[in-house]
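User: I have a model open and would like to go through a few points. Can we start with the helices?
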Amino acid sequence: MSTSRRGFLTAAIGAAAQGQLHAQEHEHEHQAVPSDLTLRVKSLESLLVEKGLVDPAALDALVDTFEHKVGPRNGARVVARAWIDAAYKKRLLANASEAIAELGYTSGQGEHMMVVENGPRIHNLVVCTLCSCYPWPVLGLPPVWYKSAPYRSRAVMDPRGVVREFGLELAEDVEVRVWDSTAELRYLVLPERPAGTENLNQDELAALITRDAMIGVRKVNGAGRGGKE
Ligand code: FE
């Protein structure tokens with residue numbers, strides 16, 4: 001690495017660290033220094049912008065799209081449709097990517113999808129043990145805890161313990177299946193339709209379905225007891 005590049009990276013890391021720390025001081029007095037990954041991403045972004053390889057406005061637009069326009073509501077519509085349309089559910093379980101695309105939800109980070117169905121004796125939980133692979137077109141951006149090292153390791157070693165911390169107690173006779181997402185294949189949980197929702201239409205059902213239920217750390221609560229994310 002040349003001296004000038006190292007100098008730039010050092011300056012970028014320092015600036016990023018200072019900016020982050022300054023912002024965080026207001027919210028979390030005892031917040032630790034930003035993670036190594038955060039600093040690396042900031043450095044890379046600064047470098048790409050400086051070299052003219054990336055337009056910062058385009059980056060902002062991309063982030064805004066996934067933060068505010070694409071989110072778990074897309075996945076909720078997929079699940080609600082599957083609950084009320086048996087033929088759609090069959091297509092969804094057979095070829096999730098195509099069935100999700102039918103509803104118009106296509107973009108990067110979700111080209112190859114698999115939907116796994118919860119039932120009275122089966123509970124599915126999704127993790128990415130390696131990093132943070134997540135189905136962006138249907139769930140938006142992953143929550144911080146999904147990307148955390150404790151979740152990534154404990155979801156595999158102690159899935160019952162993990163979901164218990166989300167408030168979900170699984171009975172002993174329920175089989176827990178843990179699915180490890182990768183860049184090649186990402187998973188979406190099809191939660192069980194709660195009792196008492198027989199008279200709800202697709203939009204009303206979709207309103208009950210939470211991001212966490214589609215990752216598998218919670219169940220969907222019935223009508224009038226909307227889930228918390
Ligand atoms: Fe990953």
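User: At what angle do helix 4 and helix 5 pack, and how far apart are their axes?
Analyst: This is a predicted model. In it, helix 4 (residues 72–84) packs against helix 5 (residues 86–94) at an angle of about 125 degrees, and their axes are 5 Å apart.
User: Why is helix 4 called oblique to helix 5?
Analyst: Because of that angle, helix 4 counts as oblique to helix 5; over 145 degrees would be roughly antiparallel, and 65 to 115 roughly perpendicular.
User: Is the crossing of helix 4 and helix 5 left-handed or right-handed?
Analyst: The crossing of these two helices is left-handed.
User: Which residues make the contact?
Analyst: Helix 4 contributes Val78, Arg81 and Ala82, and helix 5 contributes Tyr88, Lys89 and Leu92.
User: How many of those are nonpolar, polar or charged?
Analyst: The contact of helix 4 with helix 5 has four nonpolar residues, two charged and no polar.
User: Other topic: helix 2. What should it span, and what does it span?
Analyst: Helix 2 (residues 36–50) has 15 residues, so at 1.5 Å a residue it should span 21 Å. Its end C-alpha atoms are 21 Å apart, which agrees.
User: What comes just after helix 2?
Analyst: Gly52 is found there, with a positive phi of about 80 degrees.
User: What about confidence, what is the mean pLDDT of the chain?
Analyst: The mean is 83, and 81% of the residues reach 70 or more.
User: Where is the pLDDT below 50?
Analyst: Residues 1–30 are below 50, with 16 contacts in the model beyond near neighbours in sequence. Residues 225–229 are also below 50, with twelve such contacts. Where pLDDT is low, the predicted coordinates should not be read in detail.

Note on methods. Residues are numbered from 1 along each chain as its sequence is written. This is a predicted model: local features need pLDDT of at least 70, side-chain atom pairs count only at pLDDT 80 or more; totals for chains, interfaces and linings use all residues. Helices (H or I, at least four residues) and strands (E, at least two) are DSSP runs, numbered from the N terminus. The expected span of a helix is 1.5 Å times one less than its number of residues. pLDDT is the predictor's confidence in each residue, from 0 to 100. Two residues are in contact if their C-beta atoms, placed from the backbone, lie within 7 Å. Axes are lines fitted to C-alpha atoms, for helices over the stretch in contact, and angles run from 0 to 180 degrees between N-to-C directions. Angles under 35 degrees count as roughly parallel, over 145 as roughly antiparallel, 65 to 115 as roughly perpendicular and the rest as oblique. A crossing is left-handed if the near helix is turned anticlockwise from the far one by less than a right angle, and right-handed if clockwise. Ala, Val, Leu, Ile, Met, Phe, Trp, Tyr, Cys and Pro count as nonpolar, Asp, Glu, Lys and Arg as charged, and the others, Gly among them, as polar.
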